[in-house]
Amino acid sequence: MTIAEFQEKGEAALKACLLEVDAVSNLDDLNVFKGRHLGKKSALTGFYQMMRSVDPAERKEFGILLSRLKDKIEAVYAKKASEIEAKLLSEKMARKKVDITLPGFYPLAGAIHPYQKVVREITDFFVGLGFDIADGPEVESDENNFAKMNIPMDHPARDMQDSFSIAEGVVLRSHTSAVQARVMAAMKGKAPIKVICPGKVYRRDNDATHSHQFGQIEGLVISRDATFANLIEILTKLLRHLFGEKRAVRFRPSFFPFTEPSIEADISCFECDGKGCSFCKHTGWIEILGAGMVHPNVLRLNGYDAEELQGFAFGLGIDRIAMLKYGIDDIKRLYADEADFLAQFRKE
Ligand code: PHE
């Protein structure tokens, strides 16, 4: 083949290539196109095979022209291939449309359990007044739970707290007052004592406001001059801290074997502001806690000098306060793993 012949045929091959390329619109077409213009049976490959029959004097120029033709055809192919690739990609993007204005996924934040919120609020209050925090076991000796709290064996006062017996002389503590005995034993007759003891207690009880397991916070102060007035002051401040400064606080005489005199504290009903409604059983008041001056027998039974020292104690129910504060209708909700119920406390 002569250069002139090649130029003519080369032009024709390129022209055919350019003519056909417009019709190529997908990957299949592209493969066919590639085979036809760059494959084994293409005109281009044919020209390479003809190199041998070219006059050696023209061979170099032929080679240059041929390689230029090859570059052109390959460029046509490459341009088309990238067009098709871009087209496929944009089709894929259109199918998988992402709406970036949609809200994202938030990781589920936990919440402080309402029971624990109350514990924290009350312990913060007392720590601020300089109280220590004491602890005791839930499986407790009959001795600490009853006898050392001035409730002798067979005393009818034991019926006030129907307890679970674990073994001879061992119970699930029925109140955190048992920790009073432990604190006094640890302090060996020394004063002052200023502690609170939060913890779980157990009684044979079961209805919407009572559970076999619930929480109490005990308070115990022993010193030479801890007075009834101090007790009233602290409890009034505590109840207003928990339920709002507007609440009226009322103290009624009561009975506990370990305190004398004993009192119970009420707050004015926050539903009706003391007018009387179904929430406060039309009394205008809501009962909150028990307290009193430490009974001299309790001081003596726990190795304290009842002539020199005196004190006061109080006990409040954590669950009851949580239910009142957050309007919880059933105590069991505090112990069931109800995600929807607990989620309500997330933002507070
Ligand atoms: N322990 C009492 C109860 O569980 C509460 C209380 C504690 C009363 C301390 C007076 C003093 O009912």
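Q: What makes β7 and β8 paired strands, and in which direction do they run?
A: In this predicted model, 7 bridges join β7 to β8 (residues 259-268). Pairing requires at least two bridges, so the two strands count as paired, and they run antiparallel. Within this region, Phe 256 stands opposite Thr 259 in β8.

Q: Why are β1 and β7 called edge strands?
A: The open sheet has 7 strands in the order β1-β5-β6-β10-β9-β8-β7, with mixed pairing. Strands β1 (132-133) and β7 (249-256) each pair on one side only, and they are the edge strands.

Q: What makes helix α7 a helix that packs on the sheet?
A: Helix α7 (residues 177-187) touches β5 (193-202), β6 (213-223) and β10 (310-317). The direction of α7 makes about 40° with that of β6.

Q: Why is Pro 114 called buried?
A: Pro 114, found in helix α5, has 0% relative accessibility. The cut-off for buried is under 20%, so Pro 114 counts as buried. Its contacts beyond four places in sequence include Ala 322, Tyr 326 and Leu 334. The C-alpha atoms of Pro 114 and Leu 334 are separated by 7.5 Å, although these residues lie 220 residues apart along the chain.

Q: Which residues of the largest nonpolar core touch the most other members?
A: Of its 44 residues, these are Ile 122, Phe 126, Ile 288 and Phe 314. The largest share of this core, 7 residues, comes from α8. Leaving aside neighbours within four places in sequence, Ile 122 is in contact with Ile 217, Leu 238, Leu 242, Leu 316 and Ile 321.

Definitions and conventions. Residues are numbered from 1 along each chain as its sequence is written. This is a predicted model: local features need pLDDT of at least 70, side-chain atom pairs count only at pLDDT 80 or more; totals for chains, interfaces and linings use all residues. Side-chain values use heavy atoms; hydrogens and water are left out. Helices (H or I, at least four residues) and strands (E, at least two) are DSSP runs, numbered from the N terminus. Contact means heavy atoms within 4.5 Å. Axes are lines fitted to C-alpha atoms, for helices over the stretch in contact, and angles run from 0 to 180 degrees between N-to-C directions. A nonpolar core is a set of buried Ala, Val, Leu, Ile, Met, Phe, Trp, Tyr and Cys residues joined through side-chain atoms within 4.5 Å. Buried means under 20% relative accessible area, exposed over 50%, partly exposed in between (1.4 Å probe, protein chains only).
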